[in-house]
Every structure is written in structure tokens, then in C-alpha cells.
Amino acid sequence: MIDGIRENFCRLLDLLPPVARLRFLAFLHLVEQPGTMAATLEIQPSGTLRLTLDTAIAPCRKHRH
């Protein structure tokens, strides 16, 4: 079951545009290793939210976009 989920998840990631894929992988990295990332949440008076994720760890070549 886990292998099937992983396979379907990889197919889904392949369908996303590169910028969406990068944002999603950055969020997963934040969830998995919160100590290696800095997160900044900005809330504008209009209600617009902006979550900025930053890390000093360089991604492997597979995840560069």
C-alpha cells in the first residue's frame, strides 16, 4: 500500500509546474526537518498571506528547479 501511495504521489508531483513542485517540497522539508529551515509568515491588511521558507542546506540536483 505504501509503495502504491508513493508511486501515485510521484506521478502527482510530475504533473505540477516546477514552481509549485518546489514550494510543495520546501513545505514538506519544513515539516520533516523544522530545525533546518526558517519560516516567515506575513499577513497583509487585505488578508493576503505569504509564507517564506529559507534554508542554508542546498538541495540535491534532483530537486533543483
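Predicted model: local features only at pLDDT ≥ 70, side-chain atom pairs only at ≥ 80, totals over all residues.
**View 1. Leu25, a partly exposed residue of helix α2**. Leu25 has its place in helix α2, which covers residues 18-32.

**View 2. Helices α1 and α2 where their axes cross**. Two packed helices are described by the angle between their axes and the distance between the axes. Here, the axes of α1 (residues 2-15) and α2 come within 9 Å and cross at roughly 135°. The pair is therefore oblique.

**View 3. The residues that join α1 to α2**. On the α1 side, Phe9, Leu13 and Asp14 take part in the contact. They meet Arg21, Phe24, Leu25 and Leu28 of α2. Sorted by class, this contact holds 5 nonpolar and 2 charged residues, with no polar ones.

**View 4. Stepping back to the whole protein**. Zooming out, you will find 2 helices and 2 strands, and their pattern along the sequence is α-α-β-β. Of the 65 residues, 6% are buried. The accessible surface of the protein is about 5,700 Å², and carbon and sulfur atoms account for 62% of that area. Among contacts between residues at least 6 apart in sequence, 18% link residues at least 24 apart.

Definitions and conventions. Residues numbered from 1 in each chain as written. Heavy atoms only, no water. Helix = DSSP H or I, 4+ residues; strand = E, 2+ residues; numbered from the N terminus. Buried < 20%, exposed > 50% of the residue type's maximum accessible area, 1.4 Å probe, protein only. Contact = heavy atoms within 4.5 Å. Areas by Shrake-Rupley, 256 points an atom, 1.4 Å probe, with all protein chains shown as cover. Axes fitted to C-alpha atoms, helices over the stretch in contact; angles between N-to-C directions. Parallel < 35°, antiparallel > 145°, perpendicular 65-115°, else oblique. Nonpolar A, V, L, I, M, F, W, Y, C, P; charged D, E, K, R; others polar.
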